[in-house]
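These are my notebook entries on a structure with its sequence. I set down what I looked up, entry by entry.

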Amino acid sequence: MSAKNAVLGLVIERPGYGYDLARRLEERFGSSGFAPTGVYSALDQLSSDELVRSAGSRADAANERAAPRTIYEATPKGIDHFEEWMVGGSSLAPVRDELYMKIALSRPHNLSRLIELARTQEQDCLARLQELRQPVTRPQQGRPKAWSEVAVLLVRDAEIKQLQARVEWLQKARIIMDKLNGAQDRGAARGGEFA
Amino acid sequence: MCLALQQVSKSYWRGPHETTVLKDVSLSVYAGECVAVWGQRGSGKTTLLKVAAGLERPESGIVRFKEQDLGGMSRGALVRLLREEIGWARRTGPESDELEMLDYVALPLLKSQTLRRARRRSAAALARVGVAECSKGRWDDLTDGERTLVSIAHAMVRQPSLLVVDDPTANLDVLQREEVMGLLRSTAEQDWLGVLITVPDMPSMVHAHRIGSLSDGRLLVPTGASPERDNVVEFPGRGRAAPG
């Protein structure tokens with residue numbers, strides 16, 4: 001998935017310049033793996049497709065000598081395009097993973113290392129989850145009412161559930177690999193072969 | 001430090017077979033922080049809580065509550081600790097269906113206080129967790145979210161130093177879950193107590209100050225973290241606080 005529709009959606013929400021949009025993209029879709037520079041190529045593409053246009057420019061308050069920044073806004077065509085994308089179908093993300101490949105191609109002597117890799121990945125998933133922690137705000141009284149708040153929660157949940165599914169699989173894989181590795185060690189101690 | 005588990009192991013016997021539920025688990029909970037442990041069904045979460053709250057003794061390892069070794073404590077001292085210092089939020093509700101929630105939450109206080117005074121504190125506890133309107137209600141009339149909050153009020157009414165909750169977000173929708181987890185986090189921070197919870201659902205952990213996952217009896221913590229001391233900021237003269 002390119003950053004194009006995400007950047008277009010952000011511009012429709014609120015016009016902005018490249019760096020501002022890159023920051024908002026990171027805030028909203030940090031884990032989706034969009035490169036920060038992807039915003040600029042997305043803006044170029046959206047401009048050439050006439051889906052966004054310049055809404056003027058703003059000088060950099062911190063650096064007077066810097067070139068003014070172009071503020072982008074959506075064109076009516078861009079808004080139509082975004083609405084079409086919104087009602088269109090959504091494809092499933094492809095399942096590609098280096099660890100899957102390693103496990104599929106591994107041999108019994110690789111088990112110890114794969115167990116360690118699975119443990120490290122689980123810890124990385126937990127670290128990622130910890131990064132998603134909300135900053136301390138005043139105590140939450142009542143429920144969030146605005147759809148925008150609920151939407152953010154739902155998207156965050158989707159991401160965390162993916163991490164959870166990953167961790168569940170990693171734990172199961174680790175436990176079974178541990179068992180087989182133990183059986184292999186016992187077999188080796190008895191002079192047998194494990195394959 | 002509020003609670004510290006050091007290399008705790010616990011097994012159960014099922015017939016001739018010994019099942020190790022916790023293996024060398026080390027974990028600490030400080031005042032002012034909410035620690036969440038995630039695990040799949042049967043991973044040992046509830047056993048971890050029981051051992052942490054002094055309800056079960058481990059085969060090996062040490063459980064310290066406010067620097068006291070629970071293993072070396074007399075039965076009487078342990079009962080007093082459980083009654084006064086450790087709040088266990090039970091989601092099973094009162095024994096009697098007729099009991100109003102104001103009285104249910106007041107129950108833990110009745111041994112030491114008059115009914116009137118206990119009810120006043122019960123009302124304050126119910127208001128603190130945001131379900132003041134449930135005080136005249138009965139358990140059967142409450143929603144799952146209200147039951148969770150009333151259970152937390154019931155555990156909190158004696159102002160414990162450690163609050164222990166097994167799966168506080170069971171059967172809650174996303175918004176209710178956010179409310180309950182926000183409450184547990186703010187309770188830890190504002191009332192300066194340690195909160196230890198277990199959850200089967202990872203999104204419930206997002207408000208916790210520290211997290212871990214339990215599988216096959218072992219506890220894993222995030223990359224770069226330590227189960228005993230990590231990302232907890234020391235404030236000179238003010239004790240400890242988890243960063244935002």
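Entry 1: a hairpin in chain B. I looked up β4(B) and β5(B) and found that they form a hairpin with two residues between them. In the turn, B:Lys66 has a positive phi of about 50°. I note here that the model is a predicted one. Two bridges join β4(B) to β5(B), and the two strands run antiparallel.

Entry 2: I asked in which order the strands of the open sheet lie. The four strands follow the order β2-β1-β4-β5 in chain B, with antiparallel pairing. At the edges I found β2 (17–29) and β5 (68–69) of chain B, each of which pairs on one side only. I recall that strands of a sheet pair through backbone hydrogen bonds.

Next I followed strand β1 (residues 3–14) of chain B to its partners. With β2(B) it pairs in the antiparallel sense over nine bridges, and B:Lys10 stands opposite B:Leu22 in β2(B). With strand β4 (residues 60–65) of chain B, β1(B) pairs over five bridges, also in the antiparallel sense. There I found B:Leu3 opposite B:Phe65 in β4(B).

Entry 3: two helices of chain A. I looked up how helix α6 (residues 111–131) and helix α7 (residues 147–189) of chain A pack, and found an angle of about 160° with the axes 9 Å apart. Angles over 145 degrees count as roughly antiparallel, so α6(A) is roughly antiparallel to α7(A). The crossing of α6(A) past α7(A) is left-handed. Their contact comprises 13 nonpolar, five polar and six charged residues.

Entry 4: where the chains meet. How many residues does each chain bring to the contact? I found 23 residues from chain B and 29 residues from chain A. On the side of chain B that touches chain A, α6 (174–191) and β9 (210–215) of chain B each supply at least two residues. The most comes from α6(B), with six residues. By class, this side of chain B has ten nonpolar, ten polar and three charged residues.

Entry 5: confidence in chain A. The average pLDDT of chain A is 81, and 82% of the residues score at least 70. Among the elements of chain A, strand β2 (residues 69–74) has the highest mean pLDDT (91) and helix α5 (residues 98–105) the lowest (81). Over residues 136–140 of chain A, pLDDT stays under 50. For these residues I noted six contacts beyond four places in sequence.

Key: Residues numbered from 1 in each chain as written. Chains lettered and ligands numbered in written order. Predicted model: local features only at pLDDT ≥ 70, side-chain atom pairs only at ≥ 80, totals over all residues. Pairing = 2+ DSSP bridges. Axes fitted to C-alpha atoms, helices over the stretch in contact; angles between N-to-C directions. Parallel < 35°, antiparallel > 145°, perpendicular 65-115°, else oblique. Left-handed = near helix turned anticlockwise from the far one by under 90°. Nonpolar A, V, L, I, M, F, W, Y, C, P; charged D, E, K, R; others polar. Contact = placed C-beta atoms within 7 Å. pLDDT = per-residue confidence, 0-100.
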